Amino acid sequence: MSRSNLSLGERDMDAMFHPTTHIQQHRAKGSKVFTRAEGIHIWDEQQNQYIEGMSGLWCTAVGYGEKELSDAAARQMDKLSYSHLFNGRSNEPAILLAEKLKEIAPVAVSKVFFGHSGSDANDTQIKLAWYYNNALGRPRKKKIISRQRSYHGVGFGSASMTGLASSHTGFDLPFAPFLRTRCPDYYREAEAGESEEAFCTRLAEELESLILSEDPDTIAAFIAEPLMGAGGVVVPPRGYFEKIQIVLDRYDILLIDDEVICGFGRTGKMFGAETFHMRPDTMSLAKALSSGYQPISAVLIPEEMYQAFLEASGSKGIFGHGFTYSGHPVCAAVALRNIELIQERGLVARAEHLGVHFQARLRGFSSHPLVGDARGVGLIGALELVADKKTKRAFSPKLAVGADLQARCEKFGLIVRALGDTIAFCPPLIITEAQIDEIFDRFGRALDETLAQFHHEIDGA
Ligand SMILES: Cc1ncc(COP(=O)(O)O)c(C=O)c1O
């Protein structure tokens with residue numbers, strides 16, 4: 001059969017090896033191919049329209065089809081389509097973007113290092129922390145602590161920091177110098193009767209015990225997403241980061257803030273660090289940095305680290321880390337215009353303001369028989385499905401209840417993401433109040449269908 005007789009979905013199955021996909025299930029289910037998008041809507045090959053309730057992979061902040069961004073890309077391609085940053089070369093969009101990031105960062109930033117994905121930004125963070133401690137004559141200070149269920153990407157280093165088994169199984173990861181501490185999930189991890197404050201105190205104490213048992217002189221950094229995304233949209237309880245930071249400060253441990261999902265307004269402030277009172281030493285940015293229009297990431301470096309690198313270059317020679325596409329002028333031009341649009345259109349304040357309605361509608365499902373926990377902040381949230389609301393008993397993973405609900409949402413024209421049995425919502429920041437209602441109305445219909453499907457699995461049914 002000639003290829004033109006096949007659907008794009010069939011051709012995809014023939015030619016493509018998909019990232020982060022269950023291969024057998026994919027072969028059974030087939031591919032879903034999207035062909036166009038506008039605003040908060042996206043269409044598949046069969047012309048079905050969906051509300052993109054996940055902003056793609058948590059990235060399309062300004063929505064789809066933004067002409068300002070395609071114009072910025074086209075202008076830059078015509079003017080200077082490529083230029084690199086090696087050996088002191090540079091280009092105007094990368095310089096302007098670095099200045100903009102320094103201006104809006106919630107902490108003092110000395111220099112900006114560019115890459116093209118959240119994973120490479122976090123791999124860069126590891127190398128910077130190691131280089132820094134070598135430069136300071138502390139060669140043992142190399143271990144990095146992350147949290148269970150965190151997601152920091154899929155490079156060898158960033159996957160080693162990621163706290164999800166699927167990033168490790170079969171890949172011989174994580175590597176040795178990476179340690180993990182407890183996830184700040186109050187719903188799942190708190191002991192009976194434990195207050196949020198006591199929970200945070202316990203987590204800080206556990207972190208300190210880990211540091212002491214490993215020897216503080218061997219710990220370089222602690223990496224954290226302000227709000228955990230892929231691990232289930234875990235919102236840290238009030239006071240968590242304040243208590244964690246006291247411990248980090250005590251042992252001179254860097255705080256790496258992974259803002260890849262939270263950055264650029266998602267939580268109702270420009271950065272998640274502001275929402276959750278973090279005082280990071282350094283930050284990783286990607287995704288909404290360009291609203292996903294171009295692949296670009298950034299690492300924000302403080303003066304202290306830069307000075308150490310500067311001094312070290314006398315003896316160590318070239319700083320031998322960087323990518324062909326570091327500071328790519330087209331990516332940088334698009335990212336810069338994207339940040340300007342976020343500012344000009346007041347999308348951060350909008351996320352904070354509309355977040356009130358969004359969170360109220362989300363929490364409206366708390367009384368539903370399937371929903372154990374409703375959580376979120378700004379325009380990001382999640383509902384955790386359980387078999388028993390009282391005991392918080394989870395469904396057997398074999399039932400794939402979350403996947404069932406995700407598929408039913410799609411039937412009603414809504415894209416959400418099942419992270420196991422936790423359903424995530426992360427719509428474009430341009431969403432309106434009426435569209436938020438539409439999301440949750442469609443979701444409610446799908447949730448009731450899932451309830452009917454799994455009614456017999458629920459305790460007390
Ligand atoms: C918090 C966080 N860090 C890092 C990454 C990795 O980013 P990328 O997929 O661009 O490599 C992600 C991706 O979802 C993420 O959510």
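Q: Which residues in H13 do the residues of H5 meet?
A: In this predicted model, the H5 side of the contact consists of Pro93, Ala94, Leu96, Leu97, Lys100, Leu101, Glu103 and Ile104. By class, the contact of H5 with H13 has 12 nonpolar, one polar and three charged residues.

Q: At roughly what angle do the axes of helix H5 and helix H13 cross?
A: Two packed helices are described by the distance between their axes and the angle between those axes. For H5 (residues 92–104) and H13 (residues 329–344), the axes come within 8 Å. H5 passes H13 in a left-handed crossing. The axes cross at roughly 35°.

Q: Is aspartate 185 buried or exposed?
A: Aspartate 185 is found in the loop between strand S6 (178–181) and helix H8 (186–189). Its relative accessible area is 3%. Since buried means under 20%, aspartate 185 is buried.

Q: Which side chain does a polar contact of 2.9 Å join to that of aspartate 185?
A: Leaving aside neighbours within four places in sequence, aspartate 185 is in contact with Arg149, Ala190, Phe199 and Val234. The side chain of aspartate 185 also reaches the backbone nitrogen of arginine 188, at 3.2 Å. The side chain joined to it at 2.9 Å is that of arginine 149.

Q: Which residue has an N or O atom in its side chain 2.9 Å from an oxygen atom of the ligand?
A: The residues around the ligand include Gly118, Tyr151, Asp258 and Lys287. A polar backbone atom of glycine 118 is 2.9 Å from a ligand oxygen atom, and a polar backbone atom of tyrosine 151 is 3.4 Å from a ligand nitrogen atom. The side-chain atom in question belongs to lysine 287.

Key. Residues are numbered from 1 along each chain as its sequence is written. This is a predicted model: local features need pLDDT of at least 70, side-chain atom pairs count only at pLDDT 80 or more; totals for chains, interfaces and linings use all residues. Side-chain values use heavy atoms; hydrogens and water are left out. Axes are lines fitted to C-alpha atoms, for helices over the stretch in contact, and angles run from 0 to 180 degrees between N-to-C directions. Helices (H or I, at least four residues) and strands (E, at least two) are DSSP runs, numbered from the N terminus. A crossing is left-handed if the near helix is turned anticlockwise from the far one by less than a right angle, and right-handed if clockwise. Contact means heavy atoms within 4.5 Å. Ala, Val, Leu, Ile, Met, Phe, Trp, Tyr, Cys and Pro count as nonpolar, Asp, Glu, Lys and Arg as charged, and the others, Gly among them, as polar. Buried means under 20% relative accessible area, exposed over 50%, partly exposed in between (1.4 Å probe, protein chains only). A polar contact is a pair of N or O atoms within 3.5 Å; within protein, one must be able to donate a hydrogen and the other to accept it, and residues adjacent in sequence count only if both atoms are side-chain atoms. A residue is near a molecule or strand if one of its heavy atoms lies within 4 Å of it.
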